[in-house]
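Please prepare a briefing on the model shown below, with the contact between its chains treated ahead of the features within each chain.

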There are 2 protein chains.
Amino acid sequence: MWAELLPVGRSSASGGYRRYAWTPADTDCRTWFREQAEARGLTYETDRNGNQWAWLGDPAAGDAVVTGSHLDSVPDGGAFDGPLGVVSAFAALDELRGRGARLTRPLGIVNFGDEEGARFGLACVGSRLTTGALTVEQAHRLTDGDGITLPQAMEAAGHDPETIGPDPERLARIGAFVELHVEQGRALDLSGDRIGIASAIWPHGRWRFDFRGEANHAGTTRLADRRDPMLSYAETVLAARREAELAGAVATFGKIAVEPNGVNAIPSLVRGWLDSRAADQESLDTVVGGVEKAAREYAAAHGADLDVVRESFTPVVEFDHALRDELARILGGDTGTDLRVPVLGTGAGHDAGILSGRVPTAMLFVRNPTGVSHSPAEYAAEDDCVAGVSALADVLEGLART
Amino acid sequence: MWAELLPVGRSSASGGYRRYAWTPADTDCRTWFREQAEARGLTYETDRNGNQWAWLGDPAAGDAVVTGSHLDSVPDGGAFDGPLGVVSAFAALDELRGRGARLTRPLGIVNFGDEEGARFGLACVGSRLTTGALTVEQAHRLTDGDGITLPQAMEAAGHDPETIGPDPERLARIGAFVELHVEQGRALDLSGDRIGIASAIWPHGRWRFDFRGEANHAGTTRLADRRDPMLSYAETVLAARREAELAGAVATFGKIAVEPNGVNAIPSLVRGWLDSRAADQESLDTVVGGVEKAAREYAAAHGADLDVVRESFTPVVEFDHALRDELARILGGDTGTDLRVPVLGTGAGHDAGILSGRVPTAMLFVRNPTGVSHSPAEYAAEDDCVAGVSALADVLEGLART
């Protein structure tokens, strides 16, 4: 199962994955999901927003237990972020059948579309549309780097964009959602545990900084006559690092677009994206406010204009306490093993975070020995992945037979 | 003539030109050149390196007087850089015919291919190949941003890449080359003159700085665990500005490529290109050496690796003194006007600079009221362009009848 998915959308140059929403690589991943569902005799469906579902039992009965994650990737991403949760979902179902587990609630496996936002710049589009956190009007305005809109991309991939929108009936059928995910830090590695339970997702967001100056010849324009936006961009990158250090947060400028981007041309536009996250809202406000204030001063000093646009934002997400405690009980007690399952926070956003406002939601993390993520070097040991499947099976059985 | 060329390769979004070597826009410019030559009954030819020539008289007679420039552009460039020299060449020929001028030397008009280097990263490819300053082996290694090699691009545009290489016989036929160009600074505007004569081209070059770190998740990777190459890039951009200020030179980071360039990914690679120029070699060495030293310190401090590659370099070019004095005599004396023609240096590279090692070469500059160049805002007043054509006609007549 894992072996069939591994080559899909992998770049031979970087070894990383380029599974962007509604591209041919994404379609291949979706075909893989459908085949896995059908091979197990599950009821398959694609919902109005392009999320894929596979059902054991009738979801219309309600109070369903759902697990899953996403199959798309960041640019040159790793093999585990997303796919581990979907593959583990199918593997846990296989394990439950092997155990002869008797489930009284419907069990669903989901692949949420466009979780990473690599193509349209907004993460968790599939789950945001379903919950209504992203409106249809907002979705219509999403555009990729080639000027293709989200509806156009959906249509090109064979999904009818007319159907998109909130899906409260579908959400109402879900009694619990559990997402398994490779850890994207080193907390489990440092504590020596294979599996963890999420406590909360840090508040996080993306801000676009547009520094506009004046394009001019790099060889003949006197320094005093320049309005070079690259200088204030550079100062802002360094300011973001300082502000994050002071607040114990993270802040990153990882994406940039420059116009005209010529070797011998002073740029007219330097557009940088700030990603920032912190343990609480006040710290995040301090970081982003500090970066923006510094950027405005630098831009003014270099004769550049600055626009700052918040492109996305997710407040702190506290996962459902009752469900979290139930997972801890299932994993700590009934299994009879000495598996210790710590509870930890995370700086990464997930579909589980989007759903948590509407559905009791929890997350399981699988140890990542280096903490590296969003890179071809992202990794989880086979033993730990197997422990993850087993823990997920325990959780699903424990929830679905209650 | 000018009106026909204006819409070719112009972006409706930016208003700037995107006439990159061997693209459809470049082919359209070449068609325009050929039609101008043929409409005037000139002998047209494309040389082995894709430069276009239009001849009045037989170039095989030798000691030809040649004028011209280039038609390609930087990304979102202006209308004048290059085209003004080619259009003025045809217009000057028309003026000479109108005057009934009797020329004893062959007169040539040239459009050098790929002067800006916007596509393959090396400027003046057409003239460099012709003089041998760029070898065939080096040319075969030139690759654009999509991985297309120069020979592949030539072939796709209908030019046989097998023919490229040095062309000493062609150079031997040229007795003098004069390139007219819009000024790319404000010296003429500040002195109040319409036309200037070039003294020298500053030594200049392009250096590629590859900062390599480790791709990782921007939300979950602790600051202390990061190897973020964007930080050392940012510090280096600021160091370049400081070094240039200290040396009275110019230094610019105007082009950047980031991998994976995702909003929520710490970059694995930040590649920045430094363009630097100074009045003399020692100053240039000081600037570039200082920037590289600072960059290495910053990279080491942030756990990044740094490679610095000099991608192109042109030593100081002193134009032929005898020809320069002859131009000053022609423009200052015979015309009977009170046109004052100052002599000035320039930080911009030109095909004239490449040719000057092999052929007596001179340049005329036309006033640029804002100094803006390599931008849609690049401009020269119609009166000044007409004065440029008239001055060029005087120079060509003065040289070609001697």
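Across the interface of chain A and chain B in this predicted model, two salt bridges are found, a salt bridge being a side-chain nitrogen of Lys or Arg within 4 Å of a carboxyl oxygen of Asp or Glu. One of them joins B:Arg186 to A:Asp225, whose closest N and O atoms lie 3.4 Å apart. Residues are numbered from 1 along each chain as its sequence is written, and chains are lettered from A and ligands numbered from 1 in the order in which they are written. Because the model is predicted, local features need pLDDT of at least 70 and side-chain atom pairs count only at pLDDT 80 or more, whereas totals for chains, interfaces and linings use all residues, and side-chain values use heavy atoms, with hydrogens and water left out.

**Interface between the chains**

- Between chain A and chain B, 18 residue pairs are in polar contact, both residues being at pLDDT 80 or more; a polar contact is a pair of N or O atoms within 3.5 Å, where within protein one must be able to donate a hydrogen and the other to accept it, and residues adjacent in sequence count only if both atoms are side-chain atoms.
- On the side of chain A that touches chain B, at least two residues each come from strand S8 (216-217), helix H9 (229-247), strand S9 (250-259), strand S10 (265-266) and strand S11 (269-277) of chain A, helices (H or I, at least four residues) and strands (E, at least two) being DSSP runs numbered from the N terminus.
- H9(A) gives the largest share of that side, 10 residues.
- Sorted by class, the side of chain A that touches chain B holds 26 nonpolar, 18 polar and 15 charged residues, where Ala, Val, Leu, Ile, Met, Phe, Trp, Tyr, Cys and Pro count as nonpolar, Asp, Glu, Lys and Arg as charged, and the others, Gly among them, as polar.
- The contact, meaning heavy atoms within 4.5 Å, takes 59 residues from chain A and 59 residues from chain B.
- About 5,100 Å² is buried between chain A and chain B, 60% of it on carbon and sulfur atoms, buried area being the accessible area (1.4 Å probe) that two parts lose on being put together, summed over both.
- A:Leu223, A:Arg241 and A:Val263 supply 14% of the area that chain A buries against chain B, more than any other three residues.

**Relation of the copies**

**Backbone features**

- A cis peptide bond runs from A:Glu259 to A:Pro260, with omega near -5°, and A:Pro260 is found in the loop between S9 and S10 of chain A.
- In chain B, the bond joining B:Glu259 and B:Pro260 is cis, with omega about -10°.
- A:Asp114, a residue other than glycine, has a positive phi near 50°.

**A salt bridge within chain A**

- Over all chains, 54 salt bridges are found in the whole structure.
- In one of them, A:Asp76 pairs with A:Arg18, the closest N and O atoms being 2.7 Å apart.
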